[in-house]
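Please take a moment to look over the protein below. We will go from its overall contacts down to single residues.

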Amino acid sequence: MAALKTVALFGIVSLSFCCLALWKNSNIGVRGVLLLAGRGLLVLALATWLVSAVSPRLRSLFQSPLPLVCPQVPEDEANWERDKARKEQQEKHNEKASTYQEVVLRPRQESRLRKKEEKLYRTTGELWKLSAGQALGAGEASDQDAGAGKEPASDTPNREAMRRRRLPETLVRVPPPPGPPRQKRVVVLPEEPPEDSEGVVTVALRCTSGRTFRRTFLKSHSSQVLLDWMVKIGYHPAIYTICTTYPRRPLNIALDISLEQAGITKNTVLNVDEKDPSPT
């Protein structure tokens, strides 16, 4: 219907322009113009009728058939089905991943770890850690239980193992009681006499660290006081000894030898040296 109205309007406008153009370019009067307009309207009416009669048939011939319209599924139901399919697919993937981990990855990791442990124990010489081992006291029976013909009483595993084990005699012997503790010897040096007293000598002790200690003694003092003095300043007689300056030799020191008998009759410088290691 809208197409017919459009064609009619277009025809009327076109006919009006044609009539106006012919009237200006010709000597036709008003009566001729009216006749021409009437004829144009008649032709336009015939054309409109032909178009309205023929156009439906032409449209039915050339128009393509309408496509089949699928029934629309509600949006909520479509989303639910999509989520359900996604979850099922995810569960299948998870199941495949867990199966692959249990069947392939975990045995492979355990095998690598076992090889590393075996290599480590072979390097350190501890191959016994790879063995299954044996329970303590397994396969051994107590002589008393075997003689009596009865089963041992149920007890803790430690006590049962102690009862089944056969220890050597050296391990079951009672050690002798320790003796009384030895008393430590306290080093006491005699008092220093004045330097201007009679029979007094000054002894300088040159240590291995470079320090020098000086002290006065009486010539009648035992030469043992020199060793006590050396211990007092931090040098043990088992490692160090006292030597003369020149010639370099160990000083003769004993409890019954005085300083004068040892050769110290005047102010003297002595050296603290390490003892020579004893031959093996």
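Among contacts in the protein between residues with a separation of 6 or more, 60% join residues 24 or more positions apart; a contact here means heavy atoms within 4.5 Å. You are looking at a predicted model, in which local features need pLDDT of at least 70 and side-chain atom pairs count only at pLDDT 80 or more, while totals for chains, interfaces and linings use all residues. Residues are numbered from 1 along each chain as its sequence is written, and side-chain values use heavy atoms, with hydrogens and water left out.

**The overall plan**

The protein has 7 helices and 4 strands, in the order α-α-α-α-α-α-β-β-α-β-β along the sequence. These elements are DSSP runs numbered from the N terminus: helices are H or I with at least four residues, strands E with at least two. The accessible surface is about 23800 Å², and carbon and sulfur atoms make up 57% of it; the area comes from the Shrake-Rupley method with a 1.4 Å probe. Of the 280 residues, 18% count as buried, a word that stands for under 20% relative accessible area (1.4 Å probe, protein chains only).

**A hairpin**

Strands β1 (residues 200-206) and β2 (residues 212-218) run antiparallel and are joined by 7 bridges; DSSP must find at least two bridges for strands to pair. V203 stands opposite R215 in β2. The hairpin has 5 residues between its strands, and G210 takes a positive phi near 100° there.

**The nonpolar core**

Which residues touch the most other members of the largest nonpolar core? They are V203, L226, M230, I242, I264 and L270, in a core of 19 residues. Such a core is a set of buried Ala, Val, Leu, Ile, Met, Phe, Trp, Tyr and Cys residues joined through side-chain atoms within 4.5 Å. β1, α7 (224-232), β3 (240-244) and β4 (268-274) each give two or more residues to this core, and α7 gives the most, with 5 residues. Leaving aside residues up to four places away in sequence, L226 touches V203, F217, I242, L251, I253, L259, I264 and L270.

**Rings and cysteines**

The structure holds 2 aromatic pairs. In one of them, the ring centres of Y235 and Y240 are 5.0 Å apart and the planes are at 90°, so this pair is edge-to-face. Rings pair if their centres lie within 6.5 Å, and planes over 60 degrees apart count as edge-to-face. The whole structure has 0 disulfides, meaning pairs of cysteine sulfur atoms within 2.5 Å.

| Buried residue | Relative accessible area |
|---|---|
| C207 | 6% |
| C243 | 6% |
| Y235 | 12% |
| Y240 | 17% |

Methods. Buried < 20%, exposed > 50% of the residue type's maximum accessible area, 1.4 Å probe, protein only. Phe/Tyr/Trp six-rings, centres within 6.5 Å; stacked < 30°, edge-to-face > 60°.
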